[in-house]
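Visitor: I am new to this structure and would like a short tour. Please show it to me before the questions start.

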Amino acid sequence: MRVTIKDVAKKSGFSITSVSLVLNNKETKIPESSRQLILSTAEELGYRPNRLAVGLLKKKTKLLGLVIPDNSNMFFSELSKSVEIAARKRGYSLIYGNTSDVYSRDYEYLKLFVDHQVDGIVITKSSHLPEKEDIRNLEFLQKNNVPFVVVDRQPKGFHSDMVTVNNTTGGYMATKYLIECGHRKIGCFTGPLGLTTSQQRLDGYKKALEEFNIRYDENLVVEGNFSSGFEDKAMSVFLNKKVTAVFCQNDIMAFGIYRAANKSGIKIPSQLSVIGYDNINLCDIVYPGLTTIHQPIDQIGEESVRILTKLIENSNQKIEAEVKELEPKLVIRNSIISIVEGE
Ligand code: RIB
């Protein structure tokens, strides 16, 4: 049983009314000495206000929810950190749910957050969430008038507030850099192709090949899962096809290619060049340092909470959905060699 206002009143010797006024920070004529005694008694007993009850009264809990698909991937742990910093800066607390890419949990967490009266939700959906369920989830929030911002992975056929990074540009930059280093036979190790992020990065890969008159060969494209488990299959395809470089659509899969190359006795970058995507902190730690496409994770967190708190604080108005698209950038380290003739 939780400590209640009644327990604090009994222990301190003050009335329930006086204790309630003090613990709810209301204007009172209660002497300061008595106020301090009530507060110290509450502290001693471990009293905590029932934020849900307060939230129901005020219609605001100052609590935000965050759904992420894989907190073992530093992209998402760094994202949850940036969302938390942005929330705290605006006086909000954050609770988050990690679905571990089990897409039925997306809806479970949304219902849990609504049950706990969060004021708004930031959502990065699971990789294989079916389109119909994606739409059902977002419509569920709309029916409950819960403001939300979609981050990174766009729902198809559903216009909502969103923060994303220009994935086509990112895929193009990665591939163009490899071509400028003399590579012509370039493998592409994609994320789940049902995600807009993966599809758009693949579009950028194709765009760069076309610009340099290099024929697109779908046999050089291997679908992964933004995590691990597909790197050995990918490596065998890439070695079989004699690629000289691989564009991995996220850093975790690039590290998988490092591991598979090591197992096959292939040296990076002298025998195989690798570029990743995200620029998570590990890129500087692995050897050789991973050349990659930087996603501005801090800015993603800041922009998603800025938009969300705008929606919360103007919840009585109909506001046109805001789509914020941020720009990626190339970060050159040591995982690519130039094979340009004469260099
Ligand atoms: O690393 C996880 C990937 O999933 C990131 O590239 C992010 O953009 C998300 O789509």
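Visitor: Into which domains is the protein chain divided?
Guide: The model shown is a predicted one. One of its domains, domain 2, is made of two stretches of sequence, 60–165 and 297–326. Domain 3 covers 167–295, and domain 1 covers 5–49. The chain is therefore described, under an automatic or database domain assignment, as domain 1, domain 2 and domain 3.

Visitor: How many residues from domain 2 and from domain 3 does the contact take?
Guide: The C-alpha centres of domain 2 and domain 3 lie 29 Å apart. The contact between these domains takes 16 residues from domain 2 and 17 residues from domain 3.

Visitor: What area is buried between domain 2 and domain 3?
Guide: The size of an interface is often given as the accessible area lost when the parts come together. Carbon and sulfur atoms give 51% of that area between domain 2 and domain 3. The buried area itself is about 1400 Å².

Visitor: How many residue pairs are in polar contact between domain 2 and domain 3?
Guide: Across the interface of domain 2 and domain 3, zero salt bridges are found. For polar contact, with both residues at pLDDT 80 or more, the count is five residue pairs.

Visitor: Which element gives the most to the side of domain 2 that touches domain 3?
Guide: By class, this side of domain 2 has four nonpolar, six polar and six charged residues. Strand 5 (162–165) and helix 5 (74–89) each supply at least two residues of it. With three residues, the element that gives the most is helix 5.

Visitor: Which side chain has an N or O atom 2.7 Å from an oxygen atom of the ligand?
Guide: The residues surrounding the ligand include Asn73, Phe75, Asp152, Arg201, Phe226 and Gln295. A polar side-chain atom of Asn73 lies 2.8 Å from a ligand oxygen, and one of Gln295 lies 2.9 Å from a ligand oxygen. The side chain at 2.7 Å is that of Arg201.

Visitor: How many residues apart in sequence are the parts that Lys89 and Glu302 tie together?
Guide: The structure holds 15 salt bridges. In one of them the side chains of Lys89 and Glu302 meet, with N to O at 3.0 Å. Lys89 lies in helix 5 and Glu302 in helix 12 (residues 297–313), so the pair ties together parts whose separation in sequence is 213 residues.

Visitor: What is omega for the cis peptide bond that joins Tyr287 and Pro288?
Guide: Pro288 lies in the loop between strand 9 and strand 10 (292–294). The bond joining Tyr287 to Pro288 is cis, and its omega is about -5°.

Visitor: What is phi of Asn213?
Guide: Most residues other than glycine have a negative phi. Asn213 lies in the loop between helix 9 (196–211) and strand 7 (221–223). Phi of Asn213 is positive, near 55°.

Note on methods: Residues numbered from 1 in each chain as written. Predicted model: local features only at pLDDT ≥ 70, side-chain atom pairs only at ≥ 80, totals over all residues. Heavy atoms only, no water. Contact = heavy atoms within 4.5 Å. Buried area = accessible area lost by both parts, 1.4 Å probe. Salt bridge = Lys/Arg side-chain N within 4 Å of Asp/Glu carboxyl O. Polar contact = N/O pair within 3.5 Å; in protein donor to acceptor, adjacent residues only side chain to side chain. Helix = DSSP H or I, 4+ residues; strand = E, 2+ residues; numbered from the N terminus. Nonpolar A, V, L, I, M, F, W, Y, C, P; charged D, E, K, R; others polar. Near = heavy atom within 4 Å.
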